[in-house]
Amino acid sequence: MTIKKELKLKAKLINPQIAEAVVKKIGKYNGVEETTDFFFTSSTFTISELRLRKSKSEKEVKFKLPLSRNTFQENEEYDFKVDDATDFSKFLEVVGFKLKTILRKYSKIYEYEEISIRISKIENIGDYIELTMHCEKDFNDKDKNKILELLRNLGIAESYIDSRYYSEINQEDK
């Protein structure tokens with residue numbers, strides 16, 4: 001199991017084509033990813049997000065423990081691979097978790113210095129940009145400022161920042 005810290009800034013994109021044109025000028029293209037995310041909740045456990053992600057190449061479980069959430073999402077992430085997503089879903093139901101929502105996500109992935117940039121289209125939610133850093137230590141104001149500066153350089157207004165998880169956006173915007 002991998003344990004790491006995540007610092008993520010997510011913003012709604014009004015025009016993803018314009019945002020991607022700017023990102024292409026500064027970032028290194030790393031490909032695309034298509035995923036189906038299954039989000040689970042439990043009446044026993046208070047957690048921010050338990051997700052089973054299926055992509056063409058793998059099945060991964062990720063548990064996000066929130067450390068702080070304001071402009072940024074700061075999480076401690078625990079993730080591991082599973083062989084059979086259906087069996088693991090059944091296991092989660094047996095121990096008290098219920099399927100909350102399913103989201104399909106298509107992302108174009110870029111890298112700028114140590115920041116991962118994803119331009120994502122989430123079915124029934126819309127287009128977002130995610131600027132993310134991962135590390136084993138705690139993040140500081142310098143890390144946050146670096147991400148905010150990148151957002152500004154991409155021409156995206158801070159008023160479009162959304163610190164909710166996609167599973168929350170999906171539930172609240174219905």
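User: Is Leu-99 buried, partly exposed or exposed?
Analyst: Leu-99 has 41% relative accessibility, so Leu-99 counts as partly exposed. Buried means under 20% relative accessible area, exposed over 50%, and partly exposed in between, with a 1.4 Å probe and protein chains only. This is a predicted model, in which local features need pLDDT of at least 70 and side-chain atom pairs count only at pLDDT 80 or more, while totals for chains, interfaces and linings use all residues. Residues are numbered from 1 along each chain as its sequence is written, and side-chain values use heavy atoms, with hydrogens and water left out.

User: Where is Leu-99, and which residues is it in contact with, leaving aside neighbours within four places in sequence?
Analyst: Leu-99 is found in strand β6; strands (E, at least two residues) and helices (H or I, at least four) are DSSP runs numbered from the N terminus. With those neighbours set aside, Leu-99 is in contact (heavy atoms within 4.5 Å) with Phe-38, Phe-39 and Phe-40. The C-alpha atoms of Leu-99 and Phe-38 are separated by 6.9 Å, and the two residues are 61 apart along the chain.

User: What does β6 pair with?
Analyst: β6 pairs with β7 in the antiparallel sense over eight bridges; two strands pair if DSSP finds at least two bridges between them. Glu-111 stands opposite Ser-116 in β7. The two strands form a hairpin with two residues between them, and Glu-113 in the turn has a positive phi of about 50°.

User: And what about β7 and β8: how many bridges join them?
Analyst: Seven bridges join β7 to β8, and these strands run antiparallel. They also form a hairpin, with three residues between them, where Asn-124 in the turn has a positive phi of about 70°. Lys-121 stands opposite Asp-127 in β8.

User: Why is β7 largely enclosed by the rest of the structure?
Analyst: Six of the eight residues of β7 are buried, so the strand is largely enclosed.

User: Changing topic, which residues of helix α1 are buried?
Analyst: In α1 (residues 16–26), Pro-16, Ala-19, Glu-20 and Val-23 are buried. They cover an arc of only 95° around the axis, which puts them on the same side of α1; the arc is that of the directions from the helix axis to the C-beta atoms.

User: What do they pack against, and which residues are exposed on the other side?
Analyst: The buried residues of α1 pack against β6 (97–112), β7 (115–122) and β8 (126–135). On the other side of α1, Gln-17, Ile-18, Lys-24 and Lys-25 are exposed.
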